[in-house]
Amino acid sequence: MKVAVLGAGAIGAYVGASLQRAGADVHLIARGPHLAAMRRHGVRVLSPRGDFTARAHATDDPAEIGPVDFVFLGLKANSYAACGPLIEPLLSDTTAVVAAQNGIPWWYFHRHGGPYDGHRVESVDPDGAVSAVLAPERAVGCVVYAATELEGPGVVRHLEGTRFSVGEPDRSVSVRCGAFSEALRAGGLKCPVEPDLRNDIWLKLLGNISFNPISALARATMRQMCLHGGTRRVIEIMMTETLTVAEALGCEVGVSIERRLAGAERVGDHRTSTLQDLERGKPLELDVLLGAVVELAEITGVEVPTLRTVHALSDLLAARTAA
């Protein structure tokens, strides 16, 4: 199996390293000091499950790689529309794109069925710009339940979680999903193939939609947000509103809000990806989290006043960060 990891950051490099040690032909696409370190020393993974180093081909030029079986997309969702020149050399007629993004994916209503089938979510696919680069037919959804950080160039700190759920937009259990699942499991990760990945999307989103923007606004870790009475209550309300939107779209999360909060508290003093981006002066990935759900609330007629308020505040923060 030939796999290109486009955006080999903390999650991408962790997945690539796991696939490489399982025997896959892995190519890591990155840039800067991180790329230089991976070229010299490989990817060093520091994990409670055991440290290891994997040496895979690393480059900033996808043309060196050519067409692959799978592209594991580790880029932030707000980079998808501009990634055409990077991904084009990696594609054959049968290449699948495994998009490990948070929030509502651009393919969400592709082969969804029902009254919203084919609907485009403007917040995540403005004017169809993402679909033009990443055809929904190529998409294999992926929900990541692993927490990682780049401790330094070429060094990934794995904090907790090894589950990468995958699934097809049309809910089929496909050969390509099975093959990718088998490869990840051979690399020591969990990779269930979910008949309806949208339920997992909402489960993961339940945390991201609340913890990520609040962490950026308050400059707080997961544990700090859970232990502070005020932010904990705001997060509970945001989760309740999110569940209502999910239910309006026919999805069942199957986990209580209290259990979701308890799980987040156990993560400890982990900084969310949004807080990490804010501290590094990078664009904030909030449209696929908050903006998309507010948009879905509008089309389903669900009232989400707290989500709207936090969206307004975090949207201003994102604008100021980008300025």
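**A helix pair and its surroundings**

Modeller: The UniProt record, in an unreviewed entry, lists residues 196–314 as "domain: Ketopantoate reductase C-terminal". The model is a predicted one, and in it the chain over residues 196–314 is 76% helix and 0% strand, with its end C-alpha atoms 30 Å apart.

The pair in question consists of helix α6, residues 197–218, and helix α12, residues 305–322. Two packed helices are described by the angle between their axes and the distance between the axes. Here the axes of α6 and α12 come within 10 Å and cross at roughly 45 degrees. Angles under 35 degrees count as roughly parallel and those from 65 to 115 as roughly perpendicular; α6 is therefore oblique to α12. The crossing of these two helices is left-handed. On the α6 side, the contact is made by I209, P213, I214, A216 and L217. On the α12 side, L307, V310, L313, S314 and L317 take part. Sorted by class, the contact between α6 and α12 comprises 9 nonpolar residues, 1 polar residue and no charged residues.

Over residues 3–104 the chain is 25% helix and 26% strand, and the end C-alpha atoms lie 24 Å apart.

Strand β3, residues 43–46, includes V43. With a relative accessibility of 1%, V43 counts as buried. Leaving out neighbours within four places in sequence, V43 is in contact with A13, A17, L28, M38, F52, T53, A54, G154 and V156. One of these contacts, T53, is 10 residues from V43 along the chain, and the C-alpha atoms of V43 and T53 are separated by 5.5 Å.

Residues up to four places away in sequence aside, E149 touches A10, V155, V156, R157, L159, H270, R271 and Q276.

Technical notes. Residues are numbered from 1 along each chain as its sequence is written. This is a predicted model: local features need pLDDT of at least 70, side-chain atom pairs count only at pLDDT 80 or more; totals for chains, interfaces and linings use all residues. Side-chain values use heavy atoms; hydrogens and water are left out. Axes are lines fitted to C-alpha atoms, for helices over the stretch in contact, and angles run from 0 to 180 degrees between N-to-C directions. Helices (H or I, at least four residues) and strands (E, at least two) are DSSP runs, numbered from the N terminus. Angles under 35 degrees count as roughly parallel, over 145 as roughly antiparallel, 65 to 115 as roughly perpendicular and the rest as oblique. A crossing is left-handed if the near helix is turned anticlockwise from the far one by less than a right angle, and right-handed if clockwise. Contact means heavy atoms within 4.5 Å. Ala, Val, Leu, Ile, Met, Phe, Trp, Tyr, Cys and Pro count as nonpolar, Asp, Glu, Lys and Arg as charged, and the others, Gly among them, as polar. UniProt positions are given in the numbering used here, feature names are shortened, and annotations may be inferred rather than shown by experiment. Buried means under 20% relative accessible area, exposed over 50%, partly exposed in between (1.4 Å probe, protein chains only).
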